[in-house]
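Please look over the sequence and the structure shown here.

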Amino acid sequence: MPVRSGWLLPTGQTRQNTRITDIGATTPVNPLGVRSGILPGSYDGKYRVSGLSVAASGPMTAIVSHGRAVIQGTTTEGAYPVALDEDLTLTFADGDALNARVDLVVLRVYDNDTDTPGRYEAGIEIVKGAPAAAPVAPAVPARSLALVAVKVKAGASAGTGGIDWTATGTLTDLRATTVASGGILPVYNNGGVPGAYPGQYQDNDNAHSLQRWDGAAWVPYPKEIGGIAPSGTVTAGSYPGQYRDYNGGQLQRWNGTAWIAYQPPVENESTTSGATALAGWTLVSFAARRTKSGLCTMSVSVKVVGADIPVDGTGNLPDQTLLTLPAGWRPAIDTEALASDGYGSGAALINAGTGQITLRTWSFGGVLVAKNNIRISATYVL
């Protein structure tokens with residue numbers, strides 16, 4: 001009967017029923033099949049995959065560390081869960097006298113119900129490659145998961161120093177990962193493996209991005225959601241409000257259709273208090289606004305106390321000390337400011353140290369009329 005159940009019937013439960021109905025740590029590749037792979041994780045959380053790693057332990061020996069994996073048979077055979085619960089030592093055959101070879105270390109399942117008479121077991125074994133001037137790894141056997149490829153140099157033996165474990169290209173990690181259905185797969189030697197359904201996700205550490213399978217390709221998510229995408233990595237934005245570093249110097253924001261140079265809001269603060277009128281003058285109003293970067297705009301209005309102050313025909317005006325600006329709102333250097341009452345105009349000096357404003361010039365033949373407001377304004381760096 002084509003419909004199978006897992007641990008449902010009181011009799012007749014088969015190994016194949018159990019495997020094909022397994023929905024545990026399996027990344028799907030089709031409606032029935034799953035991706036063979038090693039379950040990710042390490043003791044300290046620093047590494048994506050530590051299980052079933054292979055490391056040299058002697059001239060011709062290596063240790064396979066403990067771990068768990070899933071091996072997919074044919075689509076109808078189902079998936080075989082496998083575990084190595086203690087480290088295992090393997091011994092490689094001596095090298096060929098003339099040529100190097102490439103051996104595979106594999107995790108392999110033997111199943112008498114399929115094509116291996118008399119064996120129901122799983123094991124880790126070495127598949128010996130053929131010596132050649134340009135050796136290649138042998139084919140991976142059925143129901144096997146490749147762990148590592150090892151290059152055995154010509155003449156290698158325990159007596160001649162063995163396999164050159166430290167040489168580049170001697171040991172090639174072939175392990176790949178698998179996770180529970182719906183989980184985000186941590187990519188490890190399988191970044192180019194197609195997805196099984198649109199909406200499947202994988203975390204590609206080499207590309208430093210979360211990727212989504214769209215039915216035809218793995219599409220990178222924005223670089224670290226909410227982060228600033230590095231220069232040259234994002235062409236079109238994924239959402240309004242995404243930021244990128246453009247040409248290594250300009251911050252840009254995606255507005256939904258285009259990248260716009262980002263200008264952050266100017267942080268500023270304002271005040272209307274703290275200015276003090278000096279003798280002979282009355283403060284009418286004062287307002288100032290400054291940015292966090294130190295640019296200030298100030299406007300103040302004063303009136304003469306008592307009689308009008310005339311200005312002679314040459315424009316001579318005795319200096320009039322009007323008021324003092326509050327600390328923190330004074331210019332960095334002495335600054336000239338414009339002054340006007342709507343009838344005449346002149347210039348005032350703002351002293352950087354004391355903040356005192358002194359009216360020094362006025363229109364020729366003019367008069368500082370007591371009832372008129374004299375307004376002084378300036379923009380300067382604090």
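**A walk through the model**

E269 is partly exposed, with a relative accessible area of 35%; buried means under 20% relative accessible area, exposed over 50%, and partly exposed in between (1.4 Å probe, protein chains only). This is a predicted model, in which local features need pLDDT of at least 70, side-chain atom pairs count only at pLDDT 80 or more, and totals for chains, interfaces and linings use all residues. Residues are numbered from 1 along each chain as its sequence is written, and side-chain values use heavy atoms, with hydrogens and water left out.

The side chain of E269 meets that of R290 in a salt bridge (3.0 Å, N to O). A salt bridge here is a side-chain nitrogen of Lys or Arg within 4 Å of a carboxyl oxygen of Asp or Glu. The pair links distant parts of the chain, with E269 in strand β21 (residues 268-271) and R290 in strand β23 (residues 281-291), 21 residues apart. Strands (E, at least two residues) and helices (H or I, at least four) are DSSP runs, numbered from the N terminus. R290 counts as buried, at 16% relative accessibility. Salt bridges that share partners also join R48, D203 and D205 into one network. The count of salt bridges comes to nine.

Next come the sheets. Two strands pair if DSSP finds at least two bridges between them. A salt bridge (2.9 Å, N to O) joins the side chains of E125 and R108; E125 is in strand β10 and R108 in strand β9, 17 residues apart. R108 is partly exposed, at 22% relative accessibility.

Another open sheet has four strands in the order β13-β14-β15-β16, and its pairing is mixed. Its edge strands are β13 (185-186) and β16 (218-220), each pairing on one side only. Strand β15 (residues 209-213) runs antiparallel to β16, and three bridges join them. The bridge partner of R212 in β16 is V219.

Two loop residues remain. L52, in the loop between β3 (37-38) and β4 (54-58), has a positive phi of about 60° although it is not a glycine. L52 is buried, with a relative accessible area of 1%. R143, in the loop between β10 and β11, has a positive phi near 55°. R143 is buried at 8% relative accessibility.
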